[in-house]
Amino acid sequence: MLGVLAFILLLGFFINLYWSPILARTVKSTVLRSSDSLYRINFTKADLHILQGKIVVFNLDLQPDSAVYHRRQKLGTAPNNLYHLHIKKLVLQHVHPFRLYFKKKLDIGDIILSAPEIRISYQLNHARDTTNKSRRTFYEQISKTLRSIHVAHLALNDVKFKYEDYSGHKLAISELKEMNISATDMLVDSATQTDTTRFMYCRDVVTEINNFSGRAANGLYSYKMKLLKLSTGTSQLNIQHLELEPIAAGKFFAKSPHDRFTLQIDSVCLNHFDYLSYHKYRMVNASSMILSKGRLSVFTNYNKPEKHTDRYATFPNAGIYKLKTDLKIDTVLLDDIDVIYSEVNKKSHKPGSVSFNHATGKVLNLTTNAAALKKEPDCRITLTSLFMNKAKLHTSFVFNLVDK
């Protein structure tokens, strides 16, 4: 019995020595070929545990080739996003090496990435998809090496995420720590190579960001959210407990000529959110947005100079253009939102407020998108609230979004 066990262990050891170089060559050549030489992958060590059906990869790095990227920029085919990835330990479980060797099918049960570090650099190289339709798909590029790739479940836990945005006048950097990503049923084969219902060949990719907070570049506002969750399977984006808090009024108005806003929303939901358009071009496109249970407070700036005010600049059809975003939301639903407006009385020098409580209603055709505005230029708003929390008030507005 001991002799049989020793033989099996020895056999596993020699298979590992034989398979590890093959695995390394296959992975590196596949990444290089599938990215048209834009990305290279390296790792210090890869162990195949044949008896356990497990592969462990150490110190994996995925890096773009800057020379190839700059060459594509000159040709106008460079992507807007560049990815940098470092993983201390990558574990592939329930691997079938003989199926890989004899049938050229890479079949994996689970992939677990320990403490991954992801950095994405964004630069607007093009505003529309430049992918050549005649270009071979990812499957066609790897088909000579692999017939299919299947991963049942992929998990990235405790992700360190850094996002660098070079599209503005100065570099904007965002960093996340409490981030988890999971993907299910990733399949690359002849059938899924053109399947538009999948994201990166996955049936569903769920991203969760917990306890995210930050401060605006001008230092006037801080923001935080308890949870942000995006599912590519349902195309739904959910945010829980969103808050926007300004600094103290005295300091705020000493630094800014604008009005001071405070916002708390318990729940924000975007349905049919086009996450690919946002990821590639920063376009916000959704069928509906639902805002539930919240409070919006506006404190007008008492330091404003005494001069004629262009009231048009305060209208929603002017305000949305200040977002400088390609925006298209078909319907915005408001549910139980309190709106409070405050200003300082010029005679008493004391603040006073009016409130519109428990506001509900809808906004139709909230957009800055040029194509959408050609079809329908009007934004229609209907709201019902309790004025000063007592008198029922119903209001309707129509704003022409293209009227200068």
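At what distance from the ring centre of Tyr278 does Arg282 lie over the face of that residue? In this predicted model, in which residues are numbered from 1 along each chain as its sequence is written, local features need pLDDT of at least 70 and side-chain atom pairs count only at pLDDT 80 or more, whereas totals for chains, interfaces and linings use all residues. Side-chain values use heavy atoms, with hydrogens and water left out.

Arg282 lies over the face of Tyr278 at 5.2 Å from the ring centre, and the charged end of Arg282 also sits over the ring of Tyr122, 3.9 Å from its centre; a charge is taken to sit over a ring if NZ of Lys or CZ of Arg is within 6 Å of the ring centre and within 35 degrees of the ring normal.

The structure holds nine aromatic pairs, where rings of Phe, Tyr and Trp (its six-membered ring) pair if their centres lie within 6.5 Å, and planes under 30 degrees apart count as stacked, over 60 as edge-to-face and the rest as tilted. The pair of Phe161 and Tyr163 is stacked, because the ring centres are 6.4 Å apart and the planes stand at 20 degrees. Phe161 counts as buried at 14% relative accessibility, as does Tyr163 at 15% (buried means under 20% relative accessible area, exposed over 50% and partly exposed in between, with a 1.4 Å probe and protein chains only). Phe397 and Phe399 likewise form a stacked pair, since their ring centres lie 5.8 Å apart and their planes are at 15 degrees; Phe397 is partly exposed at 37% relative accessibility, whereas Phe399 is buried at 12%. Ring pairs also link Tyr221, Phe252, Phe253 and Phe299 into a cluster.
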